[in-house]
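Dear colleague,

Please find below the structure that I am handing over to you. My findings follow after it.

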Amino acid sequence: DHEVYNRIAREGDFIELRRRYGSFAFPATIAFMAWYFLYVICANWARDFMDTKVVGNINIALVWGLLQFVSTFTIAYFYARHAKRSQDPLASKLRDEFEHETGR
């Protein structure tokens, strides 16, 4: 099994699968972490800005905090869509090849 996996891991399809994953995961992670850390930094060192009222007692800090949840679910949605279109067909092909060669 290890020999088959190691051989498949060196194939162009496997390398392409990893590239497709990385082309979404790394930029999305960097963007989200920058967005999150900016929120934390502002919450700690820009308190007057974060305390700015938007509507009634709702301030920028609350809105921004809730937008963290929205951005998390948005990234999850787009990743699932990306995976279904770009990664899953290739991953299925590689899995089928592995299972065929190992008799699973």
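The largest nonpolar core consists of seven residues, namely Val4, Ile8, Phe14, Leu17, Leu90, Leu94 and Phe98. Such a core is a set of buried Ala, Val, Leu, Ile, Met, Phe, Trp, Tyr and Cys residues joined through side-chain atoms within 4.5 Å, where buried means under 20% relative accessible area with a 1.4 Å probe and protein chains only. Helices α1, α2 (12–45) and α4 each supply at least two residues of this core, and α4 gives the most, with three. Helices here are DSSP runs of H or I with at least four residues, numbered from the N terminus.

The model is a predicted one, in which local features need pLDDT of at least 70, side-chain atom pairs count only at pLDDT 80 or more, and totals for chains, interfaces and linings use all residues. Residues are numbered from 1 along each chain as its sequence is written, and side-chain values use heavy atoms, with hydrogens and water left out.

Phenylalanine 98 touches Asp1, Val4, Tyr5, Ile8 and Arg104, residues up to four places away in sequence not being counted; contact means heavy atoms within 4.5 Å. Between the two helices, Val4, Tyr5, Arg7 and Ile8 in α1 meet Leu94, Glu97, Phe98, Glu101 and Thr102 in α4.

Glutamine 68 also lies in helix α4. This glutamine 68 is buried, with a relative accessible area of 8%. Leaving aside residues up to four places away in sequence, glutamine 68 touches Phe32, Trp35, Tyr36 and Tyr39.

With kind regards

Conventions
Buried means under 20% relative accessible area, exposed over 50%, partly exposed in between (1.4 Å probe, protein chains only).
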